[in-house]
Amino acid sequence: MTHLAPPSVRLLICGNADRGDDGAALSAIATLLPALPSALLERLEVRRCGHLRVEDLLDVRPGQVAVVVDAAVGIPPGHVVTLPIWQIVADPNAPAPRSSHELPIDQVLGLARELRPGGLPDGTFVGIGGRRFGYGRPLSRSVRLNMTNFQDAIAAELSLLTHISSEGPAASG
Amino acid sequence: MQGDDGGTLVADAPGIDHEFKVGYITRVEGEGSLSLRVRDGAVVEARLRIFEAPRYFERLVVGRTGDEVVDIVARICGICPIAYQMTAVHAFEDLYGIEIDPSVRALRRLLYCGEYIQSHALHVYLLHAPDYLGYPSALAMAVDHRAVVEQGLALKRTGNQLIAALGGRPVHPISVRVGGFSKAPRRSDLDGVRAALDAAVEQSLATVRLVATWDPPALEHPQPLVALRHEAEYPYNDGRIVSTDGLDLAPGAWREAFEEHHLEGSNALHARTHDGRVYLLGPTARIALAADRLHPLAAEALEATGLRDAIRTNIHRSIVARAVELLHACAEARDIIDGYRPPSEPKVAFTPRAGVAAWSTEAPRGLLHHRYEVDEQGHVTHAQIVPPTSQNQGAIEADLAAFAPAVLGLPHAEATHQLEMLIRAYDPCISCATHFLDLRIQDERSGKGT
């Protein structure tokens, strides 16, 4: 019997597909994940979370890291950012995930830091600046043109955290 | 109805002494502000301004079928999407004469229980509790009251778990359909959340006991109350629209007693009775008008607080009403799952017809009314959606006017806190954001400001 190691990365995909650039993360992941090699996919726990909640971070296991993928506030439309999660808490001016609904993002991350044994989980935020977020709107041109950069940044971070190359035979088809 | 006159409270007021402005109200869902004008120690104007941009959902659903409307209106709110889905689905089913399976009806109540649990836990613990425990935020409160915050998050998680089990995901669920559900869960699909509900019942009972010990600011200001009342159940999906003044209407007949107005300075329509009076919706109204329909555990807990009358007259006590409803939702959810038998078919077929589809349900924040004009093909030609927060704006302003004189002599920061706290007691869902506070007090005679 083969025993798989538990996933080492919790991939938190935020946003809504029907709200313009709020769906950037969902759009990126939809085509990125099938292209990743199975060895890397096996290391991922993928969670679609709509808006980021404290609960999504509280039960990140010791040794597991979190990657939050979302549209970002604080950067120009189409720009891609990769930064440690802790930096969002430490620097109020840092780019941050946009999809925080119930509480402001500093409260979400702060509560996770306060309540989770071991504090805020290690991890990364990979975001893309958005231009429009109205219901029923498609992705903006700024986001569409930079979607490949966004996907590359996500893949690079997953590869870095799992120590598995994102290149190689895709898991499906 | 008896109560305050409708419209923003304004008096002819030459020579205004003070003007209070809260630029961004914190720990509410959305973007709103408060302004108070004071003359000779009396409030001459109290205005809650909702400046979040119009979202045009009533236009977006035009040309859509009932099932499309159910999915679209869920996007109005990330906290209470089920309320919007339930109101729409019942409206269309009422127009089309659809009789749903009793098991489907039970599942809908179960779904509504999930929304009440997550919404009320969020508000009681993360938005409102910091006011009572003396903290600016849930994060600051968590440092000293870790167990309180953890209990709130545990309850919220159970509510989200329930919604996900029935709706496919915790936010903006996708399973509700005109005639039933796209898919009904197996009993085993609910095992996980059933186990969590045992703990949730205990946690919510502890919540009632906890919040009942918190001393609110003094306020004696009873307002006319409006809620659904059902012959056998605590009101969620249906019942008649009743009030403390003797109103008794079918759930689709909201327009027979109420109407909406646009007021300058607010992007949300205000609702009034036809004779222009304001009224109060939400947990306070439901407890006042339907406490005898509470689950026995919740009824017993309410009785033990000794606060039923205080809930009626002091909006600050709404946190107790909300906690009692939290317990009700947990207990009823547990009972529904224990008695659940999957329906033979999750959805019944129907034939659309032209007419008016109108219904009201009880969202966590109060009565939510939908009205759709539908053509022969089942496409919407006109829509009216009346959320509870827009209906409560007048009551909020009336309460502010009644409460403000007691805080005008307080230090600036404390007065600000107390005024915001009153607004938060309503759990207003303006929409999707939370901001920091910017309060200015303007003395127009001296020109001094702080």
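**View 1. Where chain B meets chain A in this predicted model.** On the chain B side, 22 residues are in contact with 16 residues of chain A. Three helices of chain B, namely α4 (102-133), α5 (138-144) and α6, each put in at least two residues. The largest share comes from α6(B), with five residues. Sort the chain B side by class and you get twelve nonpolar, four polar and six charged residues.

**View 2. Helix α6 of chain B packed on helix α7 of chain B.** Here we stay with α6(B), residues 146-167, and look at its packing with α7(B), residues 191-212. The two helices sit at an angle of about 145°, and their axes are 9 Å apart. The crossing of α6(B) past α7(B) is left-handed. From α6(B), the contact uses B:Gln151, B:Ala154, B:Leu155, B:Thr158, B:Gln161, B:Leu162 and B:Ala165. Its partners on α7(B) are B:Gly192, B:Val193, B:Ala196, B:Leu197, B:Ala200, B:Gln203, B:Ser204 and B:Ala206. Count up the classes in this α6(B)-α7(B) contact and there are nine nonpolar residues, six polar ones and no charged ones.

**View 3. The two domains of chain B and where they touch.** Domain 1 of chain B is built from two stretches, 9-53 and 409-443. Domain 2 of chain B also comes in two pieces, 99-222 and 286-349. Eight residues of domain 1 are in contact with nine residues of domain 2. On the domain 1 side of that contact, four residues are nonpolar, one is polar and three are charged.

**View 4. The fold of chain A.** Chain A has seven helices and six strands. Walk along from the N terminus and the elements read β-α-α-β-α-β-β-α-β-α-β-α-α. The radius of gyration of chain A is 15 Å, close to the 16 Å that the globule rule gives for 173 residues, so chain A is as compact as a globular protein of that length. Along its principal axes, the C-alpha trace of chain A spans about 50 × 40 × 25 Å.

View 5. Confidence in chain A is highest in strand β4 (residues 80-84), at a mean of 97. It is lowest in strand β5 (residues 96-97) of chain A, at a mean of 88. A word of caution for any close-up: where pLDDT is low, the predicted coordinates should not be read in detail.

Terms used. Residues are numbered from 1 along each chain as its sequence is written. Chains are lettered from A and ligands numbered from 1 in the order in which they are written. This is a predicted model: local features need pLDDT of at least 70, side-chain atom pairs count only at pLDDT 80 or more; totals for chains, interfaces and linings use all residues. Axes are lines fitted to C-alpha atoms, for helices over the stretch in contact, and angles run from 0 to 180 degrees between N-to-C directions. Helices (H or I, at least four residues) and strands (E, at least two) are DSSP runs, numbered from the N terminus. A crossing is left-handed if the near helix is turned anticlockwise from the far one by less than a right angle, and right-handed if clockwise. Two residues are in contact if their C-beta atoms, placed from the backbone, lie within 7 Å. Ala, Val, Leu, Ile, Met, Phe, Trp, Tyr, Cys and Pro count as nonpolar, Asp, Glu, Lys and Arg as charged, and the others, Gly among them, as polar. pLDDT is the predictor's confidence in each residue, from 0 to 100. Domain bounds come from an automatic or database domain assignment. The radius of gyration is taken over C-alpha atoms; the globule rule is 2.2 Å times the number of residues to the power 0.38.
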